[in-house]
Amino acid sequence: MTQTESPAAATRPEPGGRPGALRRALDVVGVQNLSLIVALAVLCAVIGSQNSNFFLIENVKTIGTTVAIVGILAVVQTVVMLLGGLDISVGSAAGLTSVVSAMVFTSASSAAFGILVGLAVGIAVGVLNGVVIVYGRVNAVIATLATYSALRGLANLISNGRAQGYTGTDSTFVFIARGSGLGIPILVWVLIIVALLVHLMLRYTDIGRNIYAIGGNPTAARLAGININRYVVGCYLLAGFVAAIAGILLTARTGSGQPTSGSQGLELQSITAAALGGVALQGGKGGISGTVIAVILLGVLQNGLTILNVNSFWQDIAQGALLVVAVVIQQRRRGLRAFGLPR
Amino acid sequence: MQLADQRSDGQPAAASRLRAEGIGKSFGPVRALAEVSLDVRAGEVLALMGENGAGKSTLLRVLSGEHAPDTGRLLLDGEPVAFGSPIAAHKAGLRVVQQEPEIVPHVSVAENVYLGALPKRGRIVDKRALIDQVRADIDRYGFASMLDPRTPGSALSAAQRQLVEILRALTGDVRVIAFDEPTSSLSDHEVDALFGLIRRLRDEGVAVVYVSHRMPEIFAIADRVAVLRDGRYVGDRRVCETREAELVRMMVGRDLADMFTRDPREPGEVVLSVHGVTTDDVRDVSLEVRAGEVVGLGGLVGAGRSELALALVGAVPIHAGTVEVAGKPLRLRGPGDALRAGIGFAPEERKAQALLLHRSIRDNVSLAILRRISRLHVVKRGTEREVARTYVKRLSVRASSIEQEVGTLSGGNQQKTVLARWLARRPRVLILDEPTRGVDVGAKAEIYSIVNDLAAEGMALLVISSELPELLGLCDRIVVMQGGRVTGRLPRSEATEERVLALAMAEDLTPATGADR
């Protein structure tokens with residue numbers, strides 16, 4: 001099997017067989033990732049041939065900053081899905097922290113304080129999700145569906161449904177939104193750092209390995225002494241924390257706290273990216289690299305359709321179609337059998 | 001093989017009901033079956049034997065229409081047949097009773113039996129007729145009092161699920177029926193009923209294929225034995241003309257002089273001490289296991305042995321009683337607590353409860369020691385590989401490398417992977433629940449030898465097994481349970497199959513108090 005998006009299979013095969021360089025490269029990248037990269041290359045070629053502006057540095061930066069927010073959410077969504085869960089509330093949590101951080105900033109006139117309170121709210125939301133799932137024994141989809149709705153309501157309630165505060169003149173928020181380091185926008189840096197940290201955690205630490213184990217076989221994990229409850233709460237906490245970062249980035253980009261605009265739909269986009277990147281919905285399979293490539297693919301698709309002047313409603317349709325096609329191909333390759341047949 | 005030989009008792013050979021000719025089947029580079037030819041006659045019970053991975057399951061899948069063979073053909077009553085699907089095979093009168101049946105949890109036994117062919121009045125399912133029908137079936141096939149047609153699928157024991165699967169296979173016109181290790185979850189009482197049924201089917205002219213690892217069953221029920229090894233047909237023997245040793249030699253290609261290796265043991269201090277443990281399923285159980293000692297837990301399926309094990313590892317709550325490891329009482333809030341105290345557990349259902357099937361052998365072996373081989377949470381990969389290689393080698397797990405996916409290993413090698421996990425962890429007490437279930441003869445002997453080695457190294461072992469020869473061969477003492485209580489304790493010198501069985505089926509439920517502890 002070449003399920004190489006997982007750390008297990010991505011390690012080099014035992015010496016002795018001496019596989020060719022191409023084979024080894026394929027083992028490192030993985031068939032899943034490779035097909036995404038090919039799709040990405042084809043897409044770039046098609047869009048670029050229609051409009052050469054697509055390849056301009058400025059446009060590449062635009063794509064980068066556009067995917068940053070959904071990107072970090074897709075990364076934590078990957079972690080939650082690997083565990084066998086799902087977090088539908090990330091978009092609402094981002095909206096809530098966006099509003100809270102902007103409002104706290106306005107009243108305390110301190111960007112740092114606004115950001116800290118925002119992060120704290122995100123962590124609290126994550127812990128709430130985790131506790132309800134673990135101790136309330138509620139299905140993850142239902143639990144986060146509930147917070148999805150409740151947090152959205154809360155964000156609208158405290159903001160009266162309107163944009164809050166104005167951060168467009170604050171140097172910290174402006175730096176986050178438009179600054180850059182080494183020629184790379186700060187937003188993209190945030191994505192790179194979050195993705196890298198989570199990637200390292202999943203691949204090299206016992207924590208990451210236990211997450212894969214819990215998603216793969218929770219009974220085996222529990223009998224091997226892994227404290228599943230702690231992991232579930234921890235992963236949702238991480239999801240809440242990163243959702244808060246997303247909310248703060250949102251505030252910085254739009255210049256004000258947004259209860260819904262900008263954050264609506266992020267949960268579905270993050271799930272789409274993770275699934276497209278090869279993360280199994282039943283948990284235990286997948287990795288960050290696939291998700292990140294999928295995020296870029298979706299960003300390029302969106303950008304390409306925009307610069308080719310395609311009606312924006314088509315973008316959603318294209319995204320949905322891409323997801324279905326990708327998952328169908330994946331399932332075929334895995335040789336998954338029709339419903340109800342014995343394995 | 002000869003296809004039309006005379007029976008040794010002079011009777012003319014019955015007509016071949018199902019004949020396989022030169023069946024070959026490969027999965028990618030793995031050749032599961034090569035040039036297998038055999039026939040099953042009407043009115044005979046043909047046992048199919050072979051180690052795990054010998055190709056028995058693949059052959060059954062070909063017979064049931066689940067796999068199309070790459071080469072060769074099937075003849076049913078002399079007519080070539082090709083089944084495109086299990087449904088086509090079913091229509092032609094072929095049935096395979098699966099070892100791990102799929103049962104719909106939220107509908108009744110009756111509906112599970114007639115799934116897809118429910119009796120209807122108009123478009124409405126006639127529930128009463130259905131239940132009556134299934135109750136009649138249950139009585140007719142000799143399973144009375146073992147199964148209630150109204151029980152929901154989710155409430156069935158493993159044995160009852162097997163019975164449902166058997167009833168299911170018997171609906172409609174049956175010409176060939178294959179049983180894939182049907183007794184692995186059945187108690188002796190149920191096995192008797194099953195054998196009665198098989199004999200009746202045989203006498204009615206059905207061709208019966210019986211796959212099992214259990215020698216006594218083969219000799220009790222089969223007329224003829226066909227042996228597969230490494231996907232090839234080795235030969236067949238009439239049961240009355242062969243012996244166990246010959247069949248084992250045919251299966252493994254070598255002599256298995258003695259399955260049980262046994263070094264002299266000097267049991268040391270008491271390591272595990274269980275006193276008056278009571279849970280939902282277990283009542284007032286007390287037992288002790290010493291260092292370097294193997295204690296067996298005997299009893300019928302459903303006697304509460306697995307439930308006791310789950311309680312000892314903190315997986316189900318204990319209402320009363322104490323569990324001590326090396327004299328220290330434990331507070332068990334979960335398996336983590338038991339593990340930290342030094343109790344390891346290899347559960348009965350290794351695929352569902354122990355293995356990460358999509359992960360490598362290395363991942364599976366290191367699962368319980370990740371923390372130990374990590375520094376600042378970073379897993380030391382070199383150490384991990386070394387540990388995995390060490391135990392894979394020591395247990396002779398047959399795999400291409402430690403990176404091979406566990407789901408692709410045979411049952412015996414999967415079980416050895418589970419054992420490797422616990423050898424790596426080195427618990428003080430290791431509880432093994434049916435350690436050789438679904439494991440071939442060769443791997444069985446290897447597992448016995450591992451248990452012996454662990455005891456010699458001073459580990460305390462508690463072994464649950466429904467196979468009496470295994471209990472008697474492996475254990476220093478046997479504690480027998482029935483209905484959630486301990487009904488007797490036998491030291492090795494006094495243990496015989498009959499005595500264990502008598503205690504396992506004892507009518508008198510007064511618990512034998514721990515006089516001989």
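This is a predicted model: local features need pLDDT of at least 70, side-chain atom pairs count only at pLDDT 80 or more; totals for chains, interfaces and linings use all residues.
Residues are numbered from 1 along each chain as its sequence is written, while chains are lettered from A and ligands numbered from 1 in the order in which they are written.

**Exercise 1.** Find which helix gives the most to the side of domain 3 of chain B that touches domain 4 of chain B.

*Solution.* Start with the bounds, which come from an automatic or database domain assignment: in chain B, domain 3 covers 258-342 + 427-517 and domain 4 covers 350-425. Next, look at the contacts (C-beta atoms, placed from the backbone, within 7 Å): 10 residues of domain 3 of chain B meet 9 residues of domain 4 of chain B. Helix H15 (residues 441-456) of chain B gives the most to the domain 3 side, with 4 residues. Helices here are DSSP runs of H or I with at least four residues, strands are runs of E with at least two, and both are numbered from the N terminus.

**Exercise 2.** Decide whether Leu376(B) is buried or exposed.

*Solution.* First locate Leu376(B): the loop between strand S19 (374-375) and strand S20 (378-379) of chain B holds this residue. Then count: Leu376(B) is exposed because it has 5 C-beta neighbours inside 10 Å. The cut-offs are 20 or more other C-beta atoms within 10 Å for buried, 12 or fewer for exposed, and in between for partly exposed, with C-beta atoms placed from the backbone. Finally, check the backbone: phi of Leu376(B) is positive, near 50°.

Technical notes:
Two residues are in contact if their C-beta atoms, placed from the backbone, lie within 7 Å.
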